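The exercises below are meant to be worked with the sequence and the model side by side. Try each task before reading its solution.

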Amino acid sequence: MTEYISQLNSMSKEKQQESIESLIDDTSHEIPESEAASSLIATTNATGWVTDECSVIEYKLFESSCVVQVDFVLSGDAEEDDMGMSGTRISGTATATIDVNKRVTYDEVSGEVERD
């Protein structure tokens, strides 16, 4: 299999964008599961976090990776308890790194919890 980054480099800018957006769409469900998002999620009493929206802001190709900046919106289900914490939506940005084998990791997650 040809390395994914080499494939991207051989594509037009339009095709690169389409390919990267498709891969981000396929993996954006991993954002709430990432270590970087856990600190934001921990400030709420919601569970069942999912990615509602995710869009590519920009990307940069390197020799062995592609670094992608994304905007996202996460949502969770409110839990009824006395924890005093609230929030069922998080809006933010993240850095996705795509390696030569098309593995995507999400880190540098930042955002704000929308409080109820």
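**Exercise 1: a pair within one helix**

Glu18 and Lys15 are 3 residues apart in helix H2, so about one helical turn separates them; helices here are DSSP runs of H or I with at least four residues, strands are runs of E with at least two, and both are numbered from the N terminus. The model is a predicted one, in which local features need pLDDT of at least 70 and side-chain atom pairs count only at pLDDT 80 or more, while totals for chains, interfaces and linings use all residues. Residues are numbered from 1 along each chain as its sequence is written, and side-chain values use heavy atoms, with hydrogens and water left out.

Task: Determine how far apart the closest N and O atoms of Glu18 and Lys15 are.

Solution: Begin with the criterion, by which a salt bridge needs a side-chain nitrogen of Lys or Arg within 4 Å of a carboxyl oxygen of Asp or Glu. The closest N and O atoms of Glu18 and Lys15 are 3.8 Å apart, and the two form a salt bridge. Next consider accessibility, where buried means under 20% relative accessible area, exposed over 50%, and partly exposed in between (1.4 Å probe, protein chains only). Glu18 is partly exposed at 40%, and Lys15 is partly exposed at 46%.

**Exercise 2: the other salt bridges**

Task: Find the salt-bridge partner of Arg89, and the partner of Asp99.

Solution: The count by this rule is 3 salt bridges. Arg89 pairs with Glu114 through their side chains, at 3.3 Å from N to O. This pair links distant parts of the chain, since Arg89 lies in strand S3 and Glu114 in strand S4, 25 residues apart. Arg89 is partly exposed at 31% relative accessibility, as is Glu114 at 36%. Asp99 meets Arg103 in a salt bridge of 2.9 Å, N to O, and Arg103 is exposed, with a relative accessible area of 52%.

**Exercise 3: a threonine in a strand**

Task: Decide whether Thr95 is buried or exposed, and identify the side chain that it joins by a polar contact.

Solution: Thr95 is found in strand S3 and counts as buried, at 6% relative accessibility. A polar contact of 3.1 Å joins its side chain to that of Gln69; such a contact is a pair of N or O atoms within 3.5 Å, where within protein one must be able to donate a hydrogen and the other to accept it, and residues adjacent in sequence count only if both atoms are side-chain atoms.
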